[in-house]
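Please open the structure in your viewer and keep the sequence at hand.

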Amino acid sequence: MTFRFAQQESSNAREMGQRVAPRRLARAWAAGLMFAGTLAAAEELAGSYRNTAPGVAYVGSKACAACHSQIYARYRSSAMGRSMAEAGVDSLPSAAVESATVHDTRLNRHFRVFRQGAEIYQSQYETDAAGETVFTTTHRLEYAVGSGVNGFSYIVRRGDHLFQAPLSFYARTRKWDLSPGYEFGGYGFNRPIAAACIACHSGQPRPVSEREGLFRNPPFRELAIGCENCHGPGQLHVAERGGGVQISGGVDRSIVNPRRLPARLADQICMNCHQGGDARVLQPGKDYFDFRPGTWLNETLAIFKIGGPREAETDLLEHHSSMQSSRCYAASDGKLSCLTCHNPHSMPSLEQAAAVYRGKCLTCHSGASCKLSMKERNQHRPPNDCAGCHMAKRDVTVISHSALTNHRITARPGQPAPEARWEGRDLVHVNPPGGPGREALPPLTLFQAYGELIEKQPAFEERYVALLEQLLKDKPKSALVMAAYGRKLLRDPAPQLDPRAIQYLFQAVELGSTVASTFQDLAEALARAGRMDEAVGILERGIALAPYASTLYKSLAVRYIALKRYPKAYETMKRYMELFPDDAFMRGMLRRAEELNRSAPPAPAP
């Protein structure tokens, strides 16, 4: 959601469902958005907010509450203000902590949620044909992710690593079921919490950069989305206002005030979490937490969509691009934004929502704009609900039991989406900052985008390879490029391994790669070259960096067997099964190894 409001008199009129004349509304926009004209003005304004500079510290929302107590209290009751909490029975609805068991017939696996005192646990287990338990594993739930509007997902902690729990609670059905994505794979308790995801679900997370699922201790400075997620770090503001420093020029530049930003610049704040695309790629040298409200999102993160005709619309994290597809957006001359309809500090109740959002529509439209009679409008539930007809909620196909509002405003239900802006473009950059020359993207960013999308669009492979060859010449010290080129050579169907594969993969590791697949590829290349001892060393080094990467343990066990170090192979498999007890194949391998150990003749006496 963005933070742009018209003048208070227009806002009050909209809350009452009254129509503000377009001319009057235009004056309000003009008065409230002095800098809305050009990109240069927007950048000048953004630059004038001093807390956009790197190094300005975050202070936490409680520091804001000291002076803005009423706003803080309203915000804390909103969905964003309740986006994350500790997973205890005192902090969640009673229905979300009742005991329940879900059976996944595809995996023949049971998942159970239960409570012990004030704590909640989830377990997974499997039974055989005789009803005997094959394995079971249990973890305490540490955090609940979600406001409850669609439900709650959960996080478990394993050492300093965070993982998603396999069961989620869904508000529409008021039942437990498999977490989003678990219908496609048997992840168990092994799906790491990615920095890209938690950055938008929490206030101040502390993931360790380039280490999948690893977090500092404590893993969060602030759980729920807070004031600084949208206003930027508050260190300067708190120090200056608390120290009595006078505001010069009538505008406080110590902290971003999104309502004073031009619409497109304010929308960047919302797009950071409410615009998904087909690929989201960090710009070179950037981290997900480098984005500062009041700056262009593209400086930190580029968002891409595959061009051409779309098979179907999706409402999951496509709010901004959907809004851009609306005739209302095009006709607003750049004035329609997320803040036109949403007040991020509060949200209307279910009973109030239809009237509140109808009031937003009536800032540009009149009651006569609707072609249905009042009798027909009132037959809908809730009655006379503009958004219910023109922005109807739809089921989310990728998240079970959930529905989201379609942010493409349609004249009639089922109206097909306009395709003009996607036609003739194979890859669409969704969030360019605009202006001459701004569309250009670093080759490394495009390379990663094509790499992420090859599976969906195989035609991108040629461009991916061409960029890889270019980057190999231009960026010889990039771990990502070295690892990608090493993998390309490793996967070459030639009968003999290209020795450069080992060279490039070694360089990727020495340049600081922490990606498990890099160590897996290097170990495979070394093994194919007959350098088995080195392969073992590389896998052990990879496990030290990625202790929950299952493929590394499997590969290590295989290498130990090849070296006839059977006790080491056996210990590796035992450790693997402690971490991943749901792996039926490895369970069988371990059982076979135990049988061989029992049947082996005793070692000769020294």
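How many residues has helix α20, and how far does this helix reach from its first C-alpha to its last? Select residues 516-528: α20 has 13 residues and reaches 19 Å, close to the 18 Å expected at 1.5 Å a residue. The expected span is 1.5 Å times one less than the number of residues. Helices (DSSP runs of H or I, at least four residues) and strands (runs of E, at least two) are numbered from the N terminus.

The model is predicted: local features need pLDDT of at least 70, side-chain atom pairs count only at pLDDT 80 or more, and totals for chains, interfaces and linings use all residues. Residues are numbered from 1 along each chain as its sequence is written, and side-chain values use heavy atoms, without hydrogens and water.

Just after α20, select glycine 530, which takes a positive phi of about 80°.

Now move to strand β7, residues 161-164. His161 and Phe163 point one way and Leu162 and Gln164 the other, and all are buried. In a regular strand the side chains alternate between the two faces of the sheet.

Arginine 158 stands opposite histidine 161. Between these strands lies a hairpin of two residues, where glycine 159 takes a positive phi near 65°.

Finally, select β10 (residues 191-192), paired with β7 in the antiparallel sense over two bridges. Here proline 192 stands opposite phenylalanine 163.

Notes: Buried means under 20% relative accessible area, exposed over 50%, partly exposed in between (1.4 Å probe, protein chains only). Two strands pair if DSSP finds at least two bridges between them.
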